Amino acid sequence: MDDTLSHSTKDYGPPRLTILLVSALAISYEILLMRLFSIVQFHHFAYMVISLSLLGYGASGTFLVFCRQPLLRRFPAALIGSTFFLGITVVACFAGGQHLLFNPDQLLWDNRQWLKLFALYLLLALPFFCAANCIALSFSRYREKISEIYGADLFGAGLGSILVIGLLFLLFPDRVLLFLGATGVAIGGAAWLELRLQPRWPALLFVGAAGLFFMLPPAWTVLAISPYKPLSQQLRIEGSRIVEVQSSPLGMLTVVESNEVPLRHAPGLSLAAAAVLPEQLGVFTDGGAMSVISRFPHETNGLAYLDMVPEALPYHLGRPEEVLVLGAGGGVAILQALSFESPQITAVELNPRMIQLVRDRPQFSGQLFDRENVRVHQGEARSFVARSSKKFDLIQLPSAVSAGGSVAGLHALSENYLYTVEAFREYFDHLSPGGYLSVGSWVRVPPRDSLKLLATAAMALTAKGVQNAGDHLVMIRNWQSGLLLVGREPFSTADILLVQDFCRKRLFDLAYYPGMKREEANRFHLLPQPYYYDATLSLLGPEAEDFAARYKFNIRPNTDDRPYFSNYFKWQTLPEILKLKDQGGLALLESGYLVLVLTLFQAVLAGLVLVFLPVAARLRSPDPATGWSRSRVAAYFFAIGLGFLFLEIAFIQKFILYLGHPLYAAAAVLALFLVFAGLGSRYAQAGGISIHHVVAAVIVIGIVDLAVVNLLFDVLARLNWFVRGFIAIAMLGPLAFSMGMPFPLALTAAGKAAPDLVPWAWGVNGCASVVGAVLATLLAVHFGFTAVVLAALGLYGFAAAAFPAAKSENREKGRQIGYSG
């Protein structure tokens, strides 16, 4: 067996199928880890851990700089061993990570959590380290076939990004983990056969070993959800129990009933409310935000409590006949519309499993989603509005974030296209004469989300040609939540009297209405000052821009180019918050943004320690006559690594609205980018292709695609799904095809002139991928996705200028010209 594994494979070419499968497994595992950590922790910590674990790719390059020659002499054993350990570590490292008991909520005051976080990085980097070894070893072993290997790598990644989404529809995340681990071990058998090792029967042993994964005790991979998440807190209440769990790529839904201490979920319920709430089931998404399914009452007065929440206000200003609910959840907003006898109710819900949960309980929910005057559509709310031709008397949006997430700043990095200036303009276009847009918010001191919503609505009204936006706005609040009501027509004196009466009877505070006096604010739920009223006047006045610049939090309106509604962070406020740490000031900290900054810092530091410094100390500089040097290789491969990630991330976000679903956008853009880039890599193998021409094509096509996205997407998004899919291929295919060439062309040239630099180039490119994912998001938060695309195209231009072979070619041409002269 030992002699067999030392067998040379030079006659059979590179192991393309093995590389394809390894790459598919690696990206599937990366996406799965994002889901797993979104469930057990919070999504922004998942982003941090996954980004840093990908440093396994960079560490692989460093490892091969030191160990390349002995591993190449035993290439079959090294390749098969890497695939085998890839499968083992996929399961073992995640299971081990859970037993570390890492708690990100304690990072700021418990130094032991930093050690646990570092250990978690090392554990999660191991699977990616094994996958990267397979690919990098193949690069070094088959230097003349780098384009083929890179093409298989990208094509496999494209397939993997679609495969894992399909698996997450079929299986629970912990079962997908076992499936990927078993697949990794089975790939070892595929590699044995592809390398044509003799005898062939040992390949079956890998398949048998893969089957053992499904015999592991379930307790080994059960998800240990953070004790700080709402689901964990609910289950501590006596009598609470889980009755059903549904899972999909959109989230894991956990249904909880609590018989001994019944659920009473009615955010913003008036303190004057006397009505009893109906029986409720809690539905937790990824163990976090909760919505409820309410028992449908036998009598209409069983819904009387829904008249005692801020969202009831528009029903007292008129009788809306056509109501649109964006974000149906468990159906509370639909129940409210039914209680006010609205004739036609349309609701949109993103998660099909949520719709099914309600429909599976017809006796409990009263067949709420299937009533004669209720129409529930599954899809992304903003896209539904864009493609609808109907006008509505009331469009109702939920609060931008959950209460818990709002307090902790956990959604600062979540893109949300429901609350942008362009979205509000779309809603206004779909309001009937006299119609209203109703948007919920949470009461926070100092105010944040309420003010950003108001500023967004004011800017959208101004963009629609409204002279005095304040005449169209009303804002109320109570002890917990608030409501912004935007009228298509200016609020009349009669409307204002109805608003005042509504608030007085329910002990709600007036925050703003046209012509309101300061002494009318802050009467029931007292704050030290009428903050909401004062801030609203400033935002609607001539000094609005100066006020927003001086305010302690970011309350500027968001656009589709910068859709981070929940990002309120300002660096100038950080020192003040830290001074208040011992007085509870950390509750004001937008931790999601700081985690991203910390991730970038850690990625750069880890890249220096794991890749740059060890290799720089070990590698000898190549012959200057080749035109290659370590610094030029680092500059080139780091630039195209950043550029590739920048474009990929920016276009995923740009296509969310166009394709009508975040999941479809991620899957489609990743698949298109990686598959077409793989085809471009194979095409580059033909030779005779200039990197400068390829980079020029990337820049030109990138600019054209950006112009189409920014100028025409509003029109194109109204087309049917098939046509939109074809346009997406036509746009992204040529761009990705061109982007697939610069890496293999340069790596092939390096392999011929300075083979020792191949692992170095691979490691640098891997580090760029980690840094690029974090840096692209930071740039998007501050400057928008358009700036990210333009930065990416600039990086490709820089890479072309730094390409070492170009210098060499120019010197050669210069000598020829000089000689002939």
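The lining of the second largest pocket draws at least two residues from each of four helices, namely α18 (449–463), α20 (531–540), α21 and α29 (757–783), where helices (H or I, at least four residues) and strands (E, at least two) are DSSP runs numbered from the N terminus. Before I go on, please keep in mind that this is a predicted model, in which local features need pLDDT of at least 70 and side-chain atom pairs count only at pLDDT 80 or more, while totals for chains, interfaces and linings use all residues. Residues are numbered from 1 along each chain as its sequence is written, and side-chain values use heavy atoms, with hydrogens and water left out.

A pocket here is an open set of points on a 1 Å grid over the protein atoms alone, where a 1.4 Å probe fits and protein lies on both sides within 12 Å along at least five of seven lines, and lining residues have an atom within 4 Å of a point. The second largest pocket holds about 740 Å³ of space, a volume being the space filled by probe spheres set on the points, which are joined across faces, edges and corners. Of its 31 lining residues, the closest to the centre are Glu545, Ala548, Ile555, Arg556 and Pro557. Helix α18 gives the largest share of this lining, five residues.

Where does this pocket lie? Domain 3 (303–570) and domain 4 (571–821) both give residues to its lining, so the second largest pocket lies between them; the domain bounds come from an automatic or database domain assignment.

Let me turn to charged pairs. A salt bridge is a side-chain nitrogen of Lys or Arg within 4 Å of a carboxyl oxygen of Asp or Glu, and by this rule the count comes to 19. One of them joins Arg35 and Asp286, at 2.8 Å from N to O. Because Arg35 lies in helix α2 (residues 16–40) and Asp286 in the loop between β3 (280–285) and β4 (290–294), this pair ties together parts that are 251 residues apart in sequence. Both Arg35 and Asp286 are buried, where buried means under 20% relative accessible area, exposed over 50%, and partly exposed in between, with a 1.4 Å probe and protein chains only.

Another salt bridge, also at 2.8 Å from N to O, pairs Arg550 with Asp546. These two residues both lie in helix α21 (residues 544–550), four residues apart, about one turn of the helix. Arg550 is exposed, at 54% relative accessible area, whereas Asp546 is partly exposed, at 38%.
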